[in-house]
Amino acid sequence: MSGPCLFVHPRRIRRGAALTLVFVSVLATGAAVGSWGAEPGHGKDPQPAGMPARAYVGAVESDQVKAAAAAAQEDGKSASKAAREVVSRSGDRWGAVYSAREYEGFRQKLDGAYVGVGISAHRDAQGRIAVERVEPGSPAQKAGIRAGDRLRTVDGENVTGRPVTEVVALLRGPADGSPGTRVELGLGRGGHKWTQELRRARLTTDPVTVDRLSGYDAHRPGAVRIKVDSFTKGTGERIRRAVRATPRGDGILLDLRGNSGGLVSEAVTAASSLLDGGLVATYDVRGDQRVLDARPGGDTDSPLVVLVDGGTMSAAELLTGALQDRGRAVVVGSRTFGKGSVQMPSELPDGSVAELTVGHYRTPAGRNVDGEGIDPDLAVKGDDGPSAEARARTVLSGLGGGS
């Protein structure tokens with residue numbers, strides 16, 4: 001739910017994180033809210049195969065949320081607001097309610113394409129909206145907007161203090177918005193303030209970057225880095241191709257730092273490229289235990305190091321836990337975020353969508369991830385990205401992946 005994010009404290013990640021654990025495929029109908037997100041939003045959790053129609057979370061059922069929303073709508077009140085109140089009282093840490101427009105944005109993001117200007121944003125502790133990332137080649141990048149710039153207004157509306165998903169909706173424009181529509185942004189950088197008019201464009205995301213690591217002897221085995229930002233549609237296949245293209249004897253550095261999760265089915269596909277079948281994870285739905293298995297035939301010979309940090313969450317944690325528990329990889333970095341719960345969406349009378357937690361997943365060794373995270377085999381103190389990568393490369397070399 002990716003994708004670029006900023007992770008600070010639980011209140012800032014509640015709703016967005018609920019979008020990052022997806023089990024089968026996006027519903028046919030279709031990073032925290034108010035704290036993080038990509039312009040079109042993050043992943044949407046579809047209903048897992050065989051998921052019961054009624055989903056419970058603590059003392060609240062999806063039917064109860066729907067009933068409260070319907071009653072409010074009949075009284076001429078906001079159905080989504082009533083639903084939010086019920087979810088908030090339920091104690092569900094990851095429970096949330098999204099508008100139909102936000103939900104559609106999440107679906108598009110998981111499909112790897114959306115209409116927008118190419119800005120990912122987060123909200124700081126003071127409620128200010130800042131540009132987290134600018135997509136290469138996007139209208140925002142061409143206009144000179146940079147990560148760190150402050151986003152003050154969108155089409156004249158003050159966005160300070162607003163949930164990021166609302167800002168996302170403003171950036172995307174009307175639900176039927178198309179490429180070429182205009183949007184005016186009020187921006188700030190240091191003491192400089194200005195307005196910038198942009199035209200929205202159809203953008204595609206590429207969450208996988210593959211490159212050869214420098215500093216290795218060309219006549220000896222080297223190393224390939226596979227950087228995965230999120231698990232959108234097709235990511236697992238991209239990873240599989242990258243693994244198959246890795247020269248025999250070369251090591252693989254799988255960089256999952258800052259990976260906000262996404263489609264769990266894609267994470268399982270990725271696991272299948274590095275495991276010869278077997279268990280990837282288990283999960284429960286109201287006590288009903290289920291399993292996620294890798295397909296046989298993956299690469300089990302190439303030296304493998306997985307690089308993680310506090311921004312590694314959900315589906316990325318599932319993959320990390322599987323590779324660690326199965327003895328396939330050495331995990332380097334810092335403890336991962338700790339998002340290991342399963343959400344199911346339910347459509348409300350006004351078209352909005354309620355997310356309720358219905359279960360949790362565990363690693364092959366039975367470890368609970370939710371609220372715990374995954375500890376690396378080799379911890380790198382602090383938040384020094386270059387140091388963590390240098391340590392990971394040293395470990396990979398020691399495993400035989402490079403000179």
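## Terms and model

Buried means under 20% relative accessible area, exposed means over 50%, and partly exposed covers what lies in between, with a 1.4 Å probe and protein chains only. Helices (H or I, at least four residues) and strands (E, at least two) are DSSP runs, numbered from the N terminus.

This is a predicted model, in which local features need pLDDT of at least 70 and side-chain atom pairs count only at pLDDT 80 or more, while totals for chains, interfaces and linings use all residues. Residues are numbered from 1 along each chain as its sequence is written, and side-chain values use heavy atoms, with hydrogens and water left out.

## Helix α9 and its surroundings

Let's start with α9, which spans residues 315-325. This helix is mostly covered, as 10 of its 11 residues are buried. They are Ala-315, Ala-316, Glu-317, Leu-318, Leu-319, Thr-320, Gly-321, Ala-322, Leu-323 and Gln-324.

Ser-314 sits in the loop between β20 and α9, and its phi is positive, near 60 degrees, in a residue other than glycine. Most residues other than glycine have a negative phi. With a relative accessible area of 0%, Ser-314 is buried. After α9 comes Gly-327, with a positive phi near 70 degrees.

## How α8 packs on α9

Two packed helices are described by the angle between their axes and the distance between the axes. Here the partners are α8 (residues 264-272) and α9, with an angle of about 25 degrees and axes 9 Å apart. Axes are lines fitted to C-alpha atoms, for helices over the stretch in contact, and angles run from 0 to 180 degrees between N-to-C directions. The pair is therefore roughly parallel (angles under 35 degrees; over 145 is roughly antiparallel, 65 to 115 roughly perpendicular and the rest oblique). The crossing of α8 and α9 is right-handed, where right-handed means that the near helix is turned clockwise from the far one by less than a right angle, and left-handed means anticlockwise.

Val-264, Ala-267, Ala-270 and Ala-271 of α8 meet Ala-315, Leu-318 and Leu-319 of α9, a contact being heavy atoms within 4.5 Å. By class, this contact has seven nonpolar, no polar and no charged residues. Nonpolar covers Ala, Val, Leu, Ile, Met, Phe, Trp, Tyr, Cys and Pro, charged covers Asp, Glu, Lys and Arg, and the others, Gly among them, are polar. Eight of the nine residues of α8 are buried, so the helix is largely enclosed by the rest of the structure. Among them are Glu-266, Val-268, Thr-269 and Ser-272.

## Nonpolar cores

A nonpolar core is a set of buried Ala, Val, Leu, Ile, Met, Phe, Trp, Tyr and Cys residues joined through side-chain atoms within 4.5 Å. The largest one has 41 residues, and Ile-226, Phe-231, Leu-254, Leu-256, Val-280 and Leu-323 touch the most other members. α9 gives the most to this core, with six residues. Apart from it lies another core of 21 residues, including Ile-129, Val-134, Val-168 and Leu-198.

Leu-254 and Leu-304 make handy probes of the surroundings. Beyond neighbours within four places in sequence, Leu-254 is in contact with Ile-226, Val-228, Leu-274, Leu-304, Val-305, Val-306, Leu-307, Leu-319 and Leu-323. Leu-304 lies in strand β20 (residues 304-308) and is buried at 2% relative accessibility. Not counting residues up to four places away, Leu-304 touches residues including Ile-252, Leu-254, Leu-274, Leu-323 and Val-330. Leu-304 and Val-330 are 26 residues apart in sequence, with 6.7 Å between their C-alpha atoms.

## The α2 and α3 pair

Helix α2 (residues 62-74) and helix α3 (residues 79-90) cross at roughly 145 degrees, and their axes come within 7 Å. This crossing is right-handed. From α2 the contact uses Val-65, Ala-68, Ala-69, Ala-72 and Gln-73, and from α3 it uses Ala-79, Ala-82, Ala-83, Val-86 and Val-87. By class there are nine nonpolar, one polar and no charged residues.

Val-167 belongs to helix α6 (residues 164-172) and is buried, with a relative accessible area of 1%. Leaving out residues up to four places away in sequence, Val-167 touches Ile-129, Leu-151, Val-159 and Arg-162.

Asp-155, in the loop between β9 (150-154) and β10 (157-158), has a positive phi near 50 degrees. At 46% relative accessibility, Asp-155 counts as partly exposed.
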